[in-house]
Amino acid sequence: MLQPIEPATDLTLPPGHPRDLGGPWHSEAACRSDEAGLFFAPSKEPTAARLSREEAAKRVCARCPVMLECREHALLQPEPYGVWGGMTAAERRVVLARRRRREVELQHTAPRIAAAG
């Protein structure tokens, strides 16, 4: 389910903390003790069951100490399925679309600012 990526450096971690020692972020994930079925939809899952399952998965994510690392991993990969970092695949697509729009806007405003200076 979780693939190793470069660990995030967190200067607020106490010395000796697993992530402080360069351990992968997912070693701290709250979902490691839960069934993967909570985070990934079975085929032909009814809408009400999917919504209920996703909310239960998000509750696990809400108590996870590495939720933000997980979310960023899912956005950068991008992970096409499942609940990652407290977000569904559809919610992640919205975030990615916003990021792309913001990048385009910044690219269009940067030349005008440079020309004005």
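**Figure 1. R50 and E54 pair up along helix α1.** Here R50 and E54 sit four residues apart in helix α1 (residues 47–62), about one turn of the helix. Helices here are DSSP runs of H or I with at least four residues, strands are E runs of at least two, and both are numbered from the N terminus. The two side chains form a salt bridge, with the closest N and O atoms 3.2 Å apart. For this legend set, a salt bridge means a side-chain nitrogen of Lys or Arg within 4 Å of a carboxyl oxygen of Asp or Glu. R50 is partly exposed at 30% relative accessibility, whereas E54 is buried at 12%. Buried stands for under 20% relative accessible area, exposed for over 50%, and partly exposed for what lies in between (1.4 Å probe, protein chains only).

A note before you zoom in further: this is a predicted model, in which local features need pLDDT of at least 70 and side-chain atom pairs count only at pLDDT 80 or more, while totals for chains, interfaces and linings use all residues. Residues are numbered from 1 along each chain as its sequence is written, and side-chain values use heavy atoms, with hydrogens and water left out.

Figure 2. K58 counts as buried at 18% relative accessibility, while E55 is partly exposed at 42%.

Figure 3. The closest N and O atoms of the salt bridge between E45 and R53 are 3.0 Å apart. The structure holds five salt bridges.

**Figure 4. Arginines make a positive surface patch.** R98, R100, R101 and R102 gather in a patch of positive charge on the surface. R102 lies in helix α3 (residues 89–116) and is partly exposed, with a relative accessible area of 48%. Patch members have over 30% relative accessible area and no salt bridge; like charges are joined within 9 Å, and nonpolar side chains (Val, Leu, Ile, Met, Phe, Trp, Tyr) within 5 Å. In the charge count, Lys and Arg are positive and Asp and Glu negative, with His and the chain ends not counted.

Figure 5. How many disulfides does the count give? The count comes to zero, a disulfide being a pair of cysteine sulfur atoms within 2.5 Å.

**Figure 6. Two backbone details deserve a look.** Most residues other than glycine have a negative phi, and most peptide bonds are trans. The peptide bond from Q77 to P78 is cis, with omega near -20°, and P78 is found in the loop between α2 (67–76) and α3. K44 has phi near 55°, a positive value in a residue other than glycine. K44 sits in the segment before α1 and is exposed, with a relative accessible area of 83%.

**Figure 7. A62 and G86 are brought together.** The C-alpha atoms of A62 and G86 are separated by 6.6 Å, although the residues are 24 apart along the chain. A62 belongs to helix α1 and is exposed at 64% relative accessible area.

**Figure 8. The whole chain puts the close-ups in context.** The secondary structure comes to three helices and zero strands, and from the N terminus on the elements run α-α-α. Of the 117 residues in the protein chain, 32% count as buried. Accessible areas come from the Shrake-Rupley method with a 1.4 Å probe, and for residues only the protein chains shown count as cover.

Methods:
The place of a charge is taken as NZ of Lys, CZ of Arg, CG of Asp or CD of Glu.
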